[in-house]
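Dear colleague,

I am handing over the structure we spoke about, and below it you will find a description of what turned up in it. Please keep the sequence and the 3D view open while you read.

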Amino acid sequence: MMGVAVVLCVVATLQPATAADEDPLQDFCVANTVAGSAAVTLNGRTCKPANEVTAQDFLSTRLRQPATAPAAAAAGAPRATVNLASVDTFPGLNTLGLSIARIDFPANGGLNPPHVHPRATEVLFLVQGTLTVGFVSTTNNTLFQSTLSAGDLFVFPRGLPHFQINLDKHKPALAIGALNSQNAGTSQLALALFGANPPLPGVVLQNALGIDQAEVDALIQSVH
Ligand SMILES: *[C@@H]1O[C@H](CO)[C@@H](O)[C@H](O)[C@H]1NC(C)=O
């Protein structure tokens, strides 16, 4: 009896964790982008009729170019631009549990500011340049930081705050981030706190950060 319990416990412990979007129940489910189809909501997108699907649905040329504008309002500092191919911009990804981003970093401080992806782990491949990256764990808020050279990989575990910055004075950097969700979601920490609409109550920010309302107002100004 005891032996069976032990074996069951061991088997339960060895169960692999599932940590990506749900598995598809058919070969593909190209997201239906026809006007009106968005009225039907489910956990993902509805499928385009299979007999209307072509090779074009599985092709995206989106990452040929950098994104045109920084991902978040800049407060004077150089910002990275994030060009994301997710289910919203690449309907062929629907139900497949993947998305991918091209991130271009200007030299001398180009920053992808601290943010989280609530639904995905991200593995970053540095194509060009050097990049300082890090994430903060939930245990003791430990910072795990590293400096990457071209060809290196770094992984940001799901849901943990992370950043990337190009500290090279002269050379830009280029990275590709792969995420195990078709819709990873991005929450910029500074924007969530100081760019919320409507704004968080002043007293919440004052008490959370030990600052006065003038400083709260200045921070709200700086992210807009
Ligand atoms: C977290 O901090 C506590 C208190 O300093 C320490 O005892 C513990 O080992 C730390 N845990 C980890 C995983 O570093």
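**Aromatic rings**

Phe 154 is buried, with a relative accessible area of 15%, and Phe 135 likewise counts as buried at 11% relative accessibility, since both values fall under the 20% cut-off for a buried residue. Please bear in mind that this is a predicted model. The ring centres of Phe 135 and Phe 154 lie 6.2 Å apart and their planes stand at 55 degrees, so this pair is described as tilted. Because Phe 135 belongs to strand E5 (residues 130-136) and Phe 154 to strand E7 (residues 153-156), the pair ties together parts that are 19 residues apart in sequence. These two rings also belong to one aromatic cluster, which is formed by Phe 135, Phe 144, Phe 154 and Phe 156.

The structure holds 4 aromatic pairs.

**Strand E2 and its neighbours**

Strand E2 (residues 99-105) is mostly covered, with 6 of its 7 residues buried. On one hand, 5 bridges join strand E1 (residues 81-85) to E2, and these two strands run antiparallel; here Thr 81 stands opposite Asp 104 in E2. On the other hand, 7 bridges join E2 to strand E9 (residues 173-179), again in an antiparallel arrangement, and the bridge partner of Phe 105 in E9 is Ala 173.

**Helix H4**

Which residues of helix H4 are buried? In this helix, which covers residues 213-223, they are Val 216, Ile 220 and Val 223. Seen down the axis of H4, these buried residues fall within an arc of 70 degrees, so they line one face of the helix. Finally, Asp 212 caps the N-terminal end of H4, with a side-chain oxygen 3.1 Å from the backbone nitrogen of Ala 214.

With best wishes

How values were computed:
Residues are numbered from 1 along each chain as its sequence is written. This is a predicted model: local features need pLDDT of at least 70, side-chain atom pairs count only at pLDDT 80 or more; totals for chains, interfaces and linings use all residues. Side-chain values use heavy atoms; hydrogens and water are left out. Buried means under 20% relative accessible area, exposed over 50%, partly exposed in between (1.4 Å probe, protein chains only). Helices (H or I, at least four residues) and strands (E, at least two) are DSSP runs, numbered from the N terminus. The arc is that of the directions from the helix axis to the C-beta atoms. A polar contact is a pair of N or O atoms within 3.5 Å; within protein, one must be able to donate a hydrogen and the other to accept it, and residues adjacent in sequence count only if both atoms are side-chain atoms. Two strands pair if DSSP finds at least two bridges between them. Rings of Phe, Tyr and Trp (its six-membered ring) pair if their centres lie within 6.5 Å; planes under 30 degrees apart count as stacked, over 60 as edge-to-face and the rest as tilted.
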